[in-house]
Amino acid sequence: MEYLYWSLIVLMFIIAFVGLVYPIIPSVVFIVAGFVLYGFLFDFSKLTITFWIIEGMFVAILFAADYLTNLVGVKKFGGSKAAIWGSTIGLIIGPFVIPILGIILGPFIGAVIAELIVHKKDFSSSMKSGVGSLIGFISGVVAKGVLQLIMIGYFLIVIL
């Protein structure tokens, strides 16, 4: 039965990593679900208040990293708030419109369209904002992936 329990916990962590590229999946919820599942299936005693405080700080850092990487990416390339919103909308809709490629193209196209429509920028400037959005998205995936690995690594150190 222990193998089944561990399989469920690992499945939670795998889903969390899928959520890095599919933003409709709330990654942090699945990581925390893995921790809580461990507590219910095995033992909460190893998951002390210190553990939850440290993991809570990582959750806050994850949210900040998600927001800041996109913001910095777009702003650095001259994008506006409209490009950030367009990028976010493109990130959510893109994978449904263009499976697999929509993950990358969605934020790019969303930022470009937002700049063209909202701020009436020329195509070249809008493309720069799109590139910034793409760089922000990729940076965010890498940063969040590293943070998630640290969270899971700390969890394993605590329970093993």
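The second largest pocket of this predicted model is lined by G86, I89, G90, I93, G94, V97, I98, G106, I109 and G110, a pocket being an open set of points on a 1 Å grid over the protein atoms alone, where a 1.4 Å probe fits, with protein on both sides within 12 Å along at least five of seven lines, and lining residues having an atom within 4 Å of a point. Its space amounts to about 150 Å³, taken as the volume filled by probe spheres set on grid points joined across faces, edges and corners. Helix α4 contributes the largest share of this lining, six residues, and the lining comprises five nonpolar, five polar and no charged residues, with Gly counted as polar.

Local features required pLDDT of at least 70 and side-chain atom pairs pLDDT 80 or more, whereas totals for chains, interfaces and linings use all residues. Residues are numbered from 1 along each chain as its sequence is written, and side-chain values use heavy atoms, without hydrogens or water.

The largest pocket holds about 610 Å³ of space; among its 27 lining residues, P23, D66, Y67, L91 and K144 are the closest to its centre. Helix α3 gives the most to this lining, with seven residues, and the lining divides into 16 nonpolar, nine polar and two charged residues.

K144 lies in helix α6, residues 123–159, helices being DSSP runs of H or I of at least four residues, numbered from the N terminus. Because its relative accessibility is 13%, K144 counts as buried (under 20% relative accessible area, 1.4 Å probe, protein chains only). Beyond neighbours within four places in sequence, K144 contacts L20, L62 and D66, with heavy atoms within 4.5 Å.

Conventions. Helices (H or I, at least four residues) and strands (E, at least two) are DSSP runs, numbered from the N terminus. Buried means under 20% relative accessible area, exposed over 50%, partly exposed in between (1.4 Å probe, protein chains only).
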